[in-house]
Every structure is written in C-alpha cells, then in structure tokens.
Amino acid sequence: MTDMAAGTTVGGRSAAAAEAHMAKRYRAERRFRAYGIAALGITAIFLVLLFVDILGKGIPAFVEHRLTLKVTADQTAIDPQKTNDPRIIRTGDFDSLIRDSLRAFFSDVTSRGERKKLASLLSSGAADDFRERVAADPSLIGKEITIQALLSDDADQYLKGQQTDVQVFGGEGSVAVAAARDLFTLSFLPRAPAGLLPGDILRTPGGAYRITQIAGATITAEPIGMSAPLTTDEWDLVRFSVPEGNRRIDDQEALWLEALKSQGLIERGFAWRFLTAGDSREPELAGIRGALFGTILTLLVTLVLCLPIGVAAAIYLEEFAPKNKFTEIIEVNINNLAAVPSIVFGLLGLAMFLNFFGLPRSAPLVGGLVLALLVLPTIIIASRAALRAVPPSIREAALGVGASPQQAVFHHILPLAMPGIMTGTIIGMAHALGETAPLLMIGMVAFIVDVPGGITDAATVLPVQIYLWSDLPETAFQAKTAGAIIILLLFLFVMNAAAILVRRRFERRW
Amino acid sequence: MTGLYFALLAALTIAAFILGTHRARAVRVRAGYLHSLPTYHGLFIATAVFAAMISVYVFVMPLGSFYARQAALAAMNPAVAADPLQAGAALRDIALITRGAFQGEASEALTSAAAAYAAAGKLAQVVLFGLGLVAGCGVLFALYGRIAPQRRARNLFERLVTYTLLACSAVAVLTTVGIVVSVLFETLRFFTHVSPIQFLFGLQWSPTGNSYGMIPLLVGTLLITLIAILVAGPLGLLSAIYMAEYATPRTRAFAKPLLEILAGIPTVVLGFFAALTVAPIIRSAGSAIGLNVASESAFAAGLVMGMMIIPFVSSLSDDVINAVPQSLRDGSYAMGATKSETIQKVVLPAALPGIVSAFMLAISRAIGETMIVVMAAGLAANLTFNPLTAVTTVTVQIKTLLVGDQEFDSAKTLSAFALGFVLFFFTLALNYIALRIVRKYKEQYD
C-alpha cells in the first residue's frame, strides 16, 4: 500500500481511471438509493392524493343549506276537520304552505313555469321537518312559525360554489333600459362600466337583464323573468364564470338564490341528515343510516361465527392436531382459502346459502356468513401466531402441577394469547368491513330506505352503498359517495387504532 | 316458536350443568373420592343435553317445514300444485299471509291453503318442541344417574371438546369443498348449453348474443394485470429493498405504516378514486397530447390496481430479502462491493425465487380483484391489447351477470359460475406454485 503512487495500477487501471471508476460506482450507489426513496415517495404521494381527493369531494356532503321561512301552519291545509290526530296531520299539504311562503319573496313571479322553477329550489323533502314538528305539537296549527326548509341538491351545490363562481360589481351612476322591438338596450350614464362582457347580468329593483351584445356604445340585453323598461341608479352587475348552459342552475334561479342569500335567509349547517337518514333517490335527502345498521348487523353475524370457530380451529391445529394427512389437508386449505378471490366466496354464498339452503336474499345473515368464511383464514392464522408466541414453559408448568393438556390450554395459554387473538380479530373485522364484491353477489344491492329490523331482513352495507351511489348520474351523489367513504375510512381507522391499542396495552413480550 | 325452543334449550342446558355439578359434589362427599372435578360432570351433562337438543332442531325443523308445505300444496288446486313455478309463487304468498305481510286481497283458495299451512306449521312446531323436551330431559336423566366416583367425566368432556375443535378446523375444508362443488356443479350445467371448447377458446363474448368465448375477458384481465404489475413491480420491489437494506429505524417507522394503510384501504374506495379521479385525469392528459383515451380505459384501472398490490409485493419481498443470510452480504462486502452492488449481484439473485413468488401472489390478487375493475373498467368485451381502450375482465362479467338476476337456469347466469371456476383455479394454481417456490427456497437456507 505504501508504494501506491502515480503510475501504479489498481485492478489493471491507472490510479486516475480507478478513481473515476470508484466515483462512478458511488454515483450508481447513490442513484440506487434514490430509486428506493423515490418508490416510497411515489407510494406516499399516491396515498396523500387519494386522501386529499376523497376529503375534498366528501366534506361538502356534511354541509347542507337551508332556507329560513316564516310559515303559517294553516288549519285548512293541514287538518280541516280539526282532529289534532298526528296521523291526519301528517297527510296535510305542507309542501304548498312552504312554496307559498317562498313565493311571497318574489312577487314578480307569476307564470306557471316560473313558479314551478322557484319551487324546484326547495328539496322534495323540504316540508318533512315542518310536518313532524306540527304533528308532534298540534297547538302550532294556525300560528306563524319559523322553519328551516331544505334546499334542493342543485341549489345546495350552487351555494357551495360548485356550479359557478359569482362576481358582483357595484354600479355607479344610473342606467336606463329601453325596449326596442323584442330587444332591450341599456344606456349607462355617465359611462358604461369598464370590462363589461356579454353574459353579464344587470340587476335592478325592477328586474334583471342579461347582456347579449356589446357593439361600441350600443349594449343590447334580454330580460330574465318579468322585466320592463326603466331608469334607475340602483343597480349592480353579476358575472357567473360558468356559462348558463354548462350548469344545472340557470341565471334566474341563481339570481333568486343570490337575493335570498343577501337577505340572510339561507343558513349553512352541518348535515346531520347524512348520518340519520336512510337512502333516497334525492341526493339532498339521502343518508347512510340504513347502510350503517346493515353493516353493524352483518359484522355482528360475522364476529359471532368466525371468532369462536377461528379460535377453536387455531387451538386444535396449534395444540392438539396429530401430525397426519388430515391435519396437513386442513393447513393447506386454510392457506389456499386466504388467497381465493373474494368474489368466489360470493359465488359460494349465492349457490349454497341462497339457492341450496334457501336463505333470504340481501340479508345480513347471509352476508355475515359469507364474510365469516372469508375472514376465517385471517383469524385462524393470527390466533395460531398468538398461541405460538406463548412460551412453552407456561404449558410445561401447568402440566407439571397436574393439569390435563386441555386445562393447560384453556386455563393458561389461551388467556395469555387473548390479546394477540383480539388484535387479529379486529384486523379481520376491518377486512370484512371493507369487502364489497361477495355482498354484491348475494344481492345486498337492493335500494333500502329503512333500517333493517333483524338479520333476515333485506339490508345493505356501507361499502355497497358507496358502490351504488358512485354509479348514480347526479353530481350531488358524488359528494355523498365520498362522504360515505370518509365515514367508512373513519371506522377502519378506529378499528385499526383499537387493534394497535390492544396490542400495546395487553400484549406481553416474553 | 324458535325463540321459545332456544329458551328451553338454554334453560335445560343450564339446569343440566347445575344438577350435574351438585350431584357430583354430593357423590364426592358420600364416597370420599371422585375421579373428575364436579364441574366436569356438570359440563359433560350440559354439553350432551345441548348437543341432543340441537340435533333434534336440525333434523326436525326442515321436516316440519316440508310437512307444512305439503299440507299447503294438498289444500291447493291440484293444477297449481303440479306446476313447480306456480306452486312456488303460491307458497311465497302463503308465507306472506301467515306472517300478515301480504299486500292486497288474497283469493279464497289461497286463504284456505294458508290456513292449512298455518295449522300444519303449528303442529310441526308442537312436535318439535315436544321432541326437544323429551330428548333434552331424557339425556339429562340418563346421564344424571350415571354420575359415580369412578366416572371419567373430564376425559369424556375433553373428548367432546377435541371433536368440537376438530369440527371447527374442518370448516376450512368444508368451505373449499363448498366452493368447488357449487361452482363445479353450475359449470357442468353451463357446459350442457355451451361446449367447453367454445367457452375456453371462443373469441367473442356477448351473453345477450349467446356467444360465450372467454378469450376477450382473459385478455382484458391479463392486460389490466400487466399494467398493474408494471406499476407495482418496480415500486414495490424498490421500496422493499430500501426498507430492508437502507432504511433507518425512523424511515421504517414511517414507511411501514404507509404501506399498511395502503393495504387496508377498501377496494371500493380505490375503485371510486380510479373511476372519478384517475380516469378523467388520464383522459384529459391523453387528449392534451392528441390521444383518444376511452373514459373507462384499462390504463386507469390498471394503474390504481397497481397501487393496490404494491403492499403485497413489498411486504413479501421485504420478508424474503431479510431472509437472505447476512454471511452472503458480508462476503460480498469483503470483496469490496458497494451496498448497491451487493444487493444487485448477491442479495437479489439469492432472493429471486421468493421475489418471483411475491409477484405471483400479487398477480393472483390483481386477477381476482373485483371492485376496482367493476367501477373503473368497462363492460365491452373488446379483444385488444391497447391500454387506452375499454376492456372488461372476468370478475366484471361475473358481477354483471349475477347482480340483480334471479333466474338460475339460463346459460347467462350459469356462465358466471364457469368464469368463477376459471378464476378460482387460475388463482389457486398461481398461489400453489408461489407457495411451493417459497418453501423450496426456505429449505435452501435453513
């Protein structure tokens, strides 16, 4: 090593070349390392994108817009016979009361088409809360009460800013609107506002006008709704960033909503309905309550079946099974079942439980059965690992003081393995919670509004509800889908956190 | 009535336990000796009573409902009863009437049949209850009398427990048998409609047009799986190498949960992401560079599917890389190799069989995955290798053919079972080979 100087060779190379070669090798080393970091980075970015996307899409599902209205609970519309019987009150015409109350804000709306359009801003279930309130307290009949009426999904999306951006420019000076044949011409005094564009809307107390053409000083416009020529200095300009044809709320509806908003009648609140209502064809009324209860029932059936069977199988295979052909078959089977695609379990459920045994379709009972078979390998494998982790000295000590092998297992080993078994079971249940495909097979795709009353009633579960909603054309259901996903992920998070907690808190290292 | 039966069952079981334990204690006091603890005598009697009453229920209950149905059919119009379809509909209506859930006005014949059904059902219930009571009490008293100092109650009970444990572990075998039988049976029925040759090698898939060639589905499945493994292979393997060879404990503490979270995300969520976010992005990116991308392209589904199987590839590869003996690495370092050279030239070749099996397991996951492709891939069975067009997969077709369909004799629904059969054996074979490779490889280093 001491005579290493210029001119000597290393591995057949000159020292300079060897140094360059080394540098190259170190670069390759750094590059290889960077690939690894990049791979993990891409995975992390994907995960972050997924969560950001779901949260961004789903959080609006937890917000709803309601319209505050003063409504007189009219005796003749609700309960003309004055029975005060809640059942009769519920059949009353609450919808028209709410519609009339809304119409009172817009005295210029008279045509049938426009009245219908105005009423369509309200949800078809807008009167539900009002109806229940009056039915619960018939003394309200005849009184004027303040209610909150749910807005339709389109109006709700507009108010959440998902349909278009809105800009309002204050107006200075005055504007004159003159009718010339079918067209209206606008003349601004002293001058037209800078940057005026076709499509902008001029709002005046006497009506609204959409600018159609700007040719030099001549500005033509068409009226929105009922409008008449006038001159006023009380005006402003409204600009929607999305053209009318590309959104589900047209200019007139948008102006109505803006007017209601400026009067402070529109209230934004947490959509408890999303958690407490059943499924519905109307996005603003749809909720996940039915799916949640279906999920709970299904998972209960799964747990009741697969925990005892799984633990028993694990105890047998780990503690008592003789080394023979049959035990080997069982072990191979468990490993193979863990790799069978979940949809095949759905086929099993369909052919065996539904067609052969004649169990009811769509029922949590069958769903729970199929999921139990699906997660059984997970639970058996986890329980075996937990049993194996208990040191043999425990068993030997128990046998040494005269316990039978079963007493040693059930009195000493099993209690010590319980935390590990619980962790495995929770993780298995989390798997079952996210499963969708086998449940589609056994018909848990029905449209179910009510909460299932028992394990043989038709029901749906949260992941299937997500799948069903994701298939619907209304854009408002997209938010509902993402909202339901947030709830599902929340449940999974809680379950996994519980598993980690159990592991940290109770598991003993030997 | 079922509730009442199970209440009786519970009451008799508890009574058997208490009586048996008491009696055994009394015997112990009298004889001054007892082979088994009194609890075991109680437990044995209780288990025997429980087993007897459960078997009565399992055997008598179906007989009872069969009897009730026969009684209803006998009371019906013979023409209706002879036609299985009409009889089935009438029986469903009768069941509704009995539960009081029938909508509308029931005809007189139906009402009388329902009355016969209800009467026969009631009789069957009473018989069931009586038999259960007799069986439970009979077993209880027969065994109660046998409690004696020499009786090996613990051994008897433990034998019962062993059989129960064995039965529970046999559930896994039963499940496999159930899958094979149910799928195979329907598949054979399908092959009476369509020849297996046509099914396996036909180039056209259109169940409505009565052509059942599964090659387009297979190609679609393999195309999406290929895209997925092209995504997950490098990403998963490189993450595994980094985690096993380079990562500090802190990096591991961050990366391991990351992959676990990814593995725990339900596939329906990934499907939603693929269909509503990834597919539109790919579509607009494609049109920006002048490519016409289908809105349900194989690429979007494959990409997200690849993300789904990254954890499978990485966690299994991580295990096999960790299993490579340290002595091999040390030898390589001693020769002057850098870390990456050691990994590429020594560790990876040594771990190759395990990595191959990890890839095979990931592929089998991807082939069997349903929700991502149902939501993000199409329904059109195009025979193409172009990843930008819509293709369909085996799982999508199974789901489409079976969801919402009630009839069970058409070639359409039966073909879904044939597809399920193919899927089952495909994944099973992949899995079997992968596990064999792993086992062989493990033996090498043990």
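In the predicted model, helix α8 (residues 215-246) of chain B and helix α9 (residues 249-264) of chain B pack at an angle of about 150°, with their axes 10 Å apart; axes are lines fitted to C-alpha atoms, for helices over the stretch in contact, and angles run from 0 to 180 degrees between N-to-C directions. This angle makes α8(B) roughly antiparallel to α9(B), where angles under 35 degrees count as roughly parallel, over 145 as roughly antiparallel, 65 to 115 as roughly perpendicular and the rest as oblique. The contact (heavy atoms within 4.5 Å) involves Y242(B), M243(B) and A244(B) on α8(B), and T251(B), R252(B), A255(B), K256(B) and L259(B) on α9(B). Helices (H or I, at least four residues) and strands (E, at least two) are DSSP runs, numbered from the N terminus.

In chain A, the axes of helix α17 (residues 462-470) and helix α18 (residues 475-506) come within 9 Å and cross at roughly 160°, and α17(A) and α18(A) are therefore roughly antiparallel to each other. On the α17(A) side the contact is formed by L462(A), P463(A), I466(A), W469(A) and S470(A), and on the α18(A) side by F477(A), K480(A), T481(A), A484(A), I485(A), I487(A) and L488(A).

Between the chains, the axes of helix α12 (residues 342-356) of chain A and helix α6 (residues 153-193) of chain B come within 9 Å and cross at roughly 75°, so that α12(A) and α6(B) are roughly perpendicular to each other. Residues of α12(A), among them F345(A), L348(A) and M352(A), meet residues of α6(B) that include T175(B), I179(B) and E186(B).

Helix α10 (residues 289-320) of chain A has 32 residues and spans 45 Å from its first C-alpha to its last, close to the 46 Å expected at 1.5 Å a residue, the expected span being 1.5 Å times one less than the number of residues. At C306(A), α10(A) bends by about 25°, with a proline, P308(A), following within four residues; the bend is the angle between axes fitted to the seven residues ending at a residue and the seven starting there.

Chain A averages a pLDDT (the predictor's confidence in each residue, from 0 to 100) of 84, and 97% of its residues score at least 70. Over residues 1-6 of chain A the pLDDT is below 50, and this stretch has two contacts beyond near neighbours in sequence.

Residues are numbered from 1 along each chain as its sequence is written, while chains are lettered from A and ligands numbered from 1 in the order in which they are written. Local features need pLDDT of at least 70 and side-chain atom pairs count only at pLDDT 80 or more, whereas totals for chains, interfaces and linings use all residues, and side-chain values use heavy atoms, with hydrogens and water left out.
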